[in-house]
Amino acid sequence: MSSPVVKIFRSRLNIAIILLTFVFVIGVFGFKIISDFSWIDAAYMTVITITTVGFGEVQPLDQESKIFTIFLILTSVIIVGYAIKVITEYIISRDTINELKQKKMQKKIDALSGHVIICGFGRNGKQAAKKLATHNRTFVVVEKDELVTQKYLNDIKLFVNGNANEDEVLIAAGIQRASCLISALPNDSENLFVVLSARQMNSEIRIISRASQETSYSKLKLAGANNVILPDRIGGDHMASLVVVPDLLEFVDNLSIVGDQTINIEEVSVEQLYDTTKQKTILELDLRKKTGCNVIGYKDQHGKYHINPEADQKLVPGSKVIVLGRPEQIQTLNTMYNIAVG
């Protein structure tokens, strides 16, 4: 823990330990030299004197030994009291600071709306978080392994430690206000449970789930997932495509959907492009002439995709267009129509 407060407590704790050690050593050598005790008896006398437990002496003390014992008692009372105080504060401070950090983070999560929830921070969860961060999307990670969240503390700005299968954990992540949930847990049955819970708590949220087995695909869709991704199948298809159509796939791989200044494809709602009270077609919108971007796809108001739509395709309210262009052309489009990236 790197908090300045904790560093101060650690420094005090080190001082307290050094002082206790110093008093113990002085006591042992004092009783050994002044009272001629054995090392074991000297250590015993030092411990019962410092801790003030009230046990009897090993043997009657002479005048010098009594004076030394008085000195040792007065010194040890102050030092032991200080050590107990510092150790108690250190233990309490660790718990308190962790609790305050969690409360502060929870307040930030409670203020979110339209964010993305990522359940599981394994290989797929990390990749999803990296992509969302690149696209400046706000996300909350739900991960039950505290060691994982602590390890990637710099990468995860907002997180909830807990089992995503538990409703209260999803509620803490803001499931009712979230726009999308990505269930990237390693077990299909866990993903299924998360999808069911999320859909029950938020009927409007978009749910994307990972699946390991193809047999889980239909079950996850039935449970309420909008999209089900099979990473192994996608990876296999990708590798096979590199054999069958290597040049084409290389071209597709070079297209960037998200990034800082390298975006080649953008999805834009028609309401951002013109006043839909006066309906236009793709030809009338003329994005090619205005921005240099080409319309390569159209998603109608029912969610159906049309690849390479005709120029006379009407752009109805609630629909979207997918445009392709060089990064500078996409930037011109975003600037011209005041489209916020991410």
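Reader: In which sense do strand 7 and strand 12 pair, and over how many bridges?
Author: In this predicted model, strand 7 and strand 12 are antiparallel, with five bridges between them. Within that pairing, glutamate 266 has valine 323 of strand 12 as its bridge partner.

Reader: What is the order of the strands in the open sheet?
Author: The order is 7-12-9-10, four strands with antiparallel pairing. From one strand to the next, the twist averages 25°.

Reader: Which strands stand at the edges?
Author: Strand 7 (265–269) and strand 10 (305–307) do; each has a single partner strand, so one side of each lacks a neighbour in the sheet.

Reader: Is strand 7 largely enclosed or left open by the rest of the structure?
Author: Strand 7 is largely enclosed, because four of its five residues are buried. Helix 13 (residues 327–336) lies across strand 7 and strand 12 (320–324), at about 20° to strand 7.

Reader: Where does asparagine 264 lie?
Author: Asparagine 264 is in the loop that links helix 10 (246–253) to strand 7. With a relative accessible area of 11%, asparagine 264 falls under the 20% cut-off and is therefore buried.

Reader: How far apart are asparagine 264 and serine 65?
Author: From C-alpha to C-alpha they are 87 Å apart in space, and 199 residues separate them in sequence.

Reader: Changing topic: which residues have the most contacts inside the largest nonpolar core?
Author: Those are Ile117, Ile118, Cys119, Leu181 and Ile182, in a core of 45 residues. Beyond its neighbours within four places in sequence, isoleucine 117 contacts several residues, including Val140, Val142, Ala173, Leu181 and Ile182. There is also a second, separate core of 18 residues, with Leu273, Cys293, Tyr298 and Leu315 among them.

Reader: What should helix 7 span?
Author: The 14 residues of helix 7 (residues 188–201) should span 20 Å at 1.5 Å a residue, and the end C-alpha atoms are 20 Å apart, which agrees.

Reader: Which residues of helix 7 are buried, and what do they pack against?
Author: The buried residues are Asp188, Asn191, Val194, Val195, Ser197, Ala198 and Arg199. They pack against strand 1 (116–119), helix 6 (167–172), strand 4 (180–183), strand 5 (206–210) and helix 8 (216–223).

Technical notes. Residues are numbered from 1 along each chain as its sequence is written. This is a predicted model: local features need pLDDT of at least 70, side-chain atom pairs count only at pLDDT 80 or more; totals for chains, interfaces and linings use all residues. Side-chain values use heavy atoms; hydrogens and water are left out. Two strands pair if DSSP finds at least two bridges between them. Helices (H or I, at least four residues) and strands (E, at least two) are DSSP runs, numbered from the N terminus. Axes are lines fitted to C-alpha atoms, for helices over the stretch in contact, and angles run from 0 to 180 degrees between N-to-C directions. Contact means heavy atoms within 4.5 Å. A nonpolar core is a set of buried Ala, Val, Leu, Ile, Met, Phe, Trp, Tyr and Cys residues joined through side-chain atoms within 4.5 Å. Buried means under 20% relative accessible area, exposed over 50%, partly exposed in between (1.4 Å probe, protein chains only). The expected span of a helix is 1.5 Å times one less than its number of residues.
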